[in-house]
Amino acid sequence: MNYLPQILFITLLGGMSYLIFQRFSLIIQTIRLARPVELSDHPSERFKRMALLAFGQKKMFSKPIVGFFHFLIYIGFVLINIEILEIILDGILGTHRLFAPFIGSLYAGLMNFFEILAGGVFVACVFFFLRRGVFRTGRLQAANHTELAGFPVKDAYQILLIEVILMLALWTMNGADSVLQTRGVEHYQPVGSFVISGQLVGIYAQLSTSALILLERAAWWFHILGILSFALYVTYSKHLHIFFAFPSAYFSSLESSAKMSAMPAVTHEVKLMLGHPVEEQPLTNAKFGAKDVIDLTWKNALDAYSCTECGRCTEQCPANQTGRALSPRKIMMDTRDRLEEVGVILKENKGTFVEDGKSLFDRISAEELRACTSCQACVEACPMELSPLNIILEMRRFQIMELSDAPGAWNAMFANVETNQSPWKFNPADRLNWAKE
């Protein structure tokens, strides 16, 4: 018996699995470098949110047509991978359609179901190709949004192209297999033809048996290696949300998006001033806000890796609509790019972060931070309820409270709040004078 294909497959599977594991390990290590935050309360409510936002894609359907086609890709990705289990076991054991004898007549029904799902994925990918390249949806064009220039646009097209090719490989494999079954070729047990690949039988029937075997094997290897390569590629892509959307939805805030988190050191001082009981003294050397990704929370870092770059946040941002520099999508992309830089440092220094003299302020300008009105439109628009606003607020706190970098009008307002308990420069005792007349 020739074990060479099995040995080759196991070697490739092990190598790709190792690379994928290493990549995820580095990403998780980078995320854990950020500040801790407790988000494990109310697990039942969190599971519900994950079911609605990640599994059910509830907010995707605010744009029904896009939501429908995205759901086709999503459900196809999830369910077609059941077939991948059989392909992997076939590759390891040297078998062919391992599950067929155990499932019986149900096998053909399952394969037909998977082929129909693959058809849905194919149609959805074509739709998204047209949407980007022909109809040129504004929020997806690099000409309108500089943060998309270069890799982001190429990445989107590459993923769609890969998925189309993988679906074609699946149908080619099944179509050639169907013809080989009718010729009684050993190794190709009769399971019948399928709904989509069956349309190719007439074409493949004209080929010789040896050519069909070569075609079927080539499609089989291409399909499984394509999927393994895809799984590795997405860890460097915006499509990492395929994996991280679920924990990101689970750990999303259960509080109103309008609530801004307080700074513990400031809260402590305010309580002392008001004579309220205080808890343990917070760290006195803690910095205000965030200068770099390690000053953000691990949830902020997870959000950055989970961003799909769909641009719904930027589309709804009033600051962006009025021509300001702010793009919430860019905030998330810049944060992820900085996390990637930090990940390289961790890798080069065996898990230890060494300061490189860079920070988030090298990527995100003061103009962008000041343009934000804190209106929460970006959070409300995001299909995963990620929060660019949290990152903006933390950076703005550092900018103002640590760097003392604020416009004169803002400094005047801060002084008035401190001395007069209002943004306006008048005695607090005169606050209600406006009502006398």
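**Note on a predicted helical model**

1. Cysteine 378 has a relative accessibility of 10% and therefore counts as buried. The classes used here are buried (under 20% relative accessible area), exposed (over 50%) and partly exposed (in between), with a 1.4 Å probe and protein chains only as cover. Cysteine 372 is likewise classed as buried, at 13% relative accessibility.

2. The structure is a predicted model, in which local features need pLDDT of at least 70 and side-chain atom pairs count only at pLDDT 80 or more, whereas totals for chains, interfaces and linings use all residues. Residues are numbered from 1 along each chain as its sequence is written, and side-chain values use heavy atoms, with hydrogens and water left out.

3. Cysteine 378, for its part, is in no disulfide, and its nearest cysteine sulfur is that of cysteine 372. A disulfide is taken as a pair of cysteine sulfur atoms within 2.5 Å, and by this rule the count is zero.

4. The protein chain contains 18 helices and zero strands. These elements are DSSP runs numbered from the N terminus: helices (H or I) need at least four residues, strands (E) at least two. Along the principal axes, the C-alpha atoms of the protein chain fill a box of roughly 95 × 50 × 40 Å. Of the 437 residues in the protein chain, 44% are buried.

5. An unreviewed UniProt entry annotates residues 6–26, 65–89, 109–130, 156–173 and 218–236 as "transmembrane region". Such annotations may be inferred rather than shown by experiment; their positions are given in the numbering used here and their feature names are shortened. In the model, residues 156–173 are 100% helix and 0% strand, with end C-alpha atoms 26 Å apart. Residues 218–236 are 84% helix and 0% strand, and their end C-alpha atoms lie 27 Å apart.

6. Helix 6 (residues 151–182) has 32 residues and should span 46 Å at 1.5 Å a residue; the distance of 47 Å between its end C-alpha atoms agrees with this. The expected span is 1.5 Å times one less than the number of residues. Glycine 184, which follows helix 6, has a positive phi near 65 degrees.

7. Arginine 97, although not a glycine, has a positive phi of about 55 degrees; it lies in the loop between helix 3 (64–93) and helix 4 (100–103) and is buried at 5% relative accessibility. Arginine 136, with phi near 50 degrees, is in the loop between helix 5 (106–133) and helix 6. Its relative accessible area of 48% makes arginine 136 partly exposed.

8. The model has 21 salt bridges, a salt bridge being a side-chain nitrogen of Lys or Arg within 4 Å of a carboxyl oxygen of Asp or Glu. In one of them, glutamate 340 pairs with arginine 23, the closest N and O atoms being 2.9 Å apart. This pair links distant parts of the chain, with glutamate 340 in helix 14 (residues 328–348) and arginine 23 in helix 1 (residues 4–32), 317 residues apart. Glutamate 340 is partly exposed at 25% relative accessibility, while arginine 23 is buried at 8%.

9. Which residues are linked in a network of salt bridges? They are Asp292, Arg338, Glu341, Asp356, Lys358 and Arg363. Arginine 338 is buried, with a relative accessible area of 0%. Aspartate 356 is partly exposed at 31%, and its salt bridge with arginine 338 brings the closest N and O atoms to 3.0 Å.

10. A nonpolar patch on the surface is formed by Val266, Val270, Met273, Leu274 and Met401, with about 450 Å² of accessible area together. Patches take residues with over 30% relative accessible area and no salt bridge, joining like charges within 9 Å and nonpolar side chains (Val, Leu, Ile, Met, Phe, Trp, Tyr) within 5 Å. Accessible areas follow the Shrake-Rupley method with a 1.4 Å probe; for residues, only the protein chains shown count as cover. Helix 10 (residues 264–274) gives the largest share of the patch, four residues. Methionine 401 is located in helix 17 (residues 388–402) and is partly exposed, at 38% relative accessible area.
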